[in-house]
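Please find below a briefing on a single protein model. The sequence and the structure are shown first.

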Amino acid sequence: MAENPDNRQIILLVVWDGLRPDMITAERTPFLYRMAQQGVFCRANHAVFPTATRINSAALTTGCYPGQHGIVDNELYIPSIDAQQAVSCADWTFLQKLADLEGGRLLDVPTLGEVLQGAGKKMVSVGSGSPGTTYLTDPTITGPVVNWATAWPHSAKAEIERRYGSFLSLEATSAERNQFIFQVLQDYLMPEYQPDLIRIWLTEPDHSQHQHGLASPEVVAILADLDQHFERFWGDLEERYGQENLTCFLLSDHGFTTISKRVDPDQALVEAGFKASPTSNDIVRTSNSFYLTGSAQDRLGDIVRFLQGEPWVGALFLRDDLLEACPEMMPQSAVFGNHRRSSEIMFAYQWSAAENAHGIPGYTIDASSMAATHGSASPYAINNTLVVWGKGIKQGAVSTVPCSIIDLAPTILHLFEIKPPREMVGRFLYELLEEGPLPEALVVTQDTWEATYQTAAGLRHQIATYSKVGGYRYLDQVRLSP
Ligand SMILES: [Zn+2]
């Protein structure tokens, strides 16, 4: 315990990108399975919609929904930065430009790092995913933030270059990226900064699931590696800080689904006469958004009615200020996503509960050529992992109380005895704590929000389902009837 003579509590906030809770088994991930048995396995955790990485990275950082933090999609269309196309939030220089454009702030609400800093606590953050995802863990750089490609602030970047020669190139594998960030964390950041909160974002199993599919042999091998690596890392933490002082929140940023069928929404819009060409900027499509520009804005109602009839569309949400034009539509606020950066129309692809070749349920239609993906409003994409163990946490419990990625920032602040700012809308997960109520003692209810669309083939019903506890609502899924 050389690095923790005062026995202070040290909290870990760890993301395994895209890890589905049903991937955690005694065979696939023995260490994580054991930790889930020792602590609390939260079976009803929720990612925010759209179920994509950068959106959820910002939700974890702020304890807020996209409608408050403003990263409403994995790519954003900001005409004054690029009028021709949307830019990926994986590109941190774009995020910085966006912040500069809007007076210096990328996220509209306080971040976990800022609140901790204000209370005299220290956070360090490392990530092996895209630089943008890592940057979103602490965009005002309240402590060192290290990615495999770069680091912030400049002094940390210079020190890493001095110690290790250079950052990694684009060709580096995900295993090399993980290795790099763990090395920097363990050899440099932990002894140098004496953090109270350690944030780690691992890019797997997301990367290999996209490429090879859920529970494929390649993914099973990656999960075993990750599990062993993390077990060794946990052993190091116990030696440095003392097992009795550690609390770990291990989660994923979203679930995952197998791609059943490919569609080309841009081509469909061209053929229907709404878009001049697949790359024209009259309608700019991102993962879950259609941004309308110029005369396309005047055709909003026609475009909405066309999308309502398309079989690959699994959900549609209209920006709230446009509802008068299409009152039958479900507003973006129904999925907590209405923001000034939001597109006119948000959408999700149609999904089903069918099983893949390895018996894993959850299919989606998608535009990409990958084996599997996320982003839909299916329960398989929304339900994400949350396993919590260590100091202050109940032992050997399974919780089916609904909770969300936005609940972790306020819960961690409570553990540090810091009052969360009022902007943090997430719930304090009191039922996880030793002194908190039993999860099964909490009353959970459900409700729905329904919209009906008149199409050439008949009526289609869009139903959003929520679970509720203690005045908090969680989006479980959105279904659009065929
Ligand atoms: Zn992800």
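The model is predicted. Its secondary structure comes to 14 helices and 24 strands, and the domain assignment divides the protein into domain 1 and domain 2.

**Overall dimensions and packing**

- The radius of gyration of the protein is 22 Å, which agrees with the value near 23 Å that a compact globule of 482 residues would have.
- Along the principal axes, the C-alpha trace extends over about 70 × 50 × 45 Å.
- Of the 482 residues in the protein, 51% are buried.
- When contacts between residues at least 6 apart in sequence are considered, 69% of them join residues at least 24 apart.

**Domains and their contact**

- According to the domain assignment, domain 1 consists of 10-255 + 383-432, and domain 2 consists of 259-353 + 445-481.
- A distance of 29 Å separates the C-alpha centres of domain 1 and domain 2.
- Domain 1 contributes 24 residues to the contact, and domain 2 contributes 23 residues.
- On the side of domain 1 that touches domain 2, helix H3 (66-69) and strand E4 (75-76) each supply at least two residues.
- The residues on that side of domain 1 comprise 14 nonpolar, seven polar and three charged.

**A four-stranded sheet**

- An open sheet is formed by four strands in the order E16-E17-E11-E18, with mixed pairing.
- Strand E16 (351-355) and strand E18 (372-373) are the edge strands, each of which pairs on one side only.
- Strand E11 (residues 257-262) and strand E17 (residues 361-366) run parallel and are joined by four bridges.
- Within this part of the sheet, isoleucine 259 stands opposite threonine 364 in E17.

**Helix H12 and its surroundings**

- Helix H12 covers residues 300-308, and its buried residues are Ile303, Val304, Leu307 and Gln308.
- Viewed down the axis of H12, these buried residues fall within an arc of 140°, so they line one face of the helix.
- As a general rule, an α-helix has 3.6 residues a turn, so residues three or four places apart point the same way.
- The cover over the buried residues of H12 includes strand E13 (289-292), strand E14 (313-318) and strand E15 (345-349).
- Strand E22 (444-455) and strand E23 (458-469) are also among the elements that cover the buried residues of H12.

Conventions. Residues numbered from 1 in each chain as written. Predicted model: local features only at pLDDT ≥ 70, side-chain atom pairs only at ≥ 80, totals over all residues. Pairing = 2+ DSSP bridges. Domains from an automatic or database assignment. Contact = placed C-beta atoms within 7 Å. Nonpolar A, V, L, I, M, F, W, Y, C, P; charged D, E, K, R; others polar. Buried ≥ 20, exposed ≤ 12 C-beta atoms within 10 Å, placed from the backbone. Arc of directions from axis to C-beta. Rg over C-alpha atoms; globule rule 2.2 N^0.38 Å.
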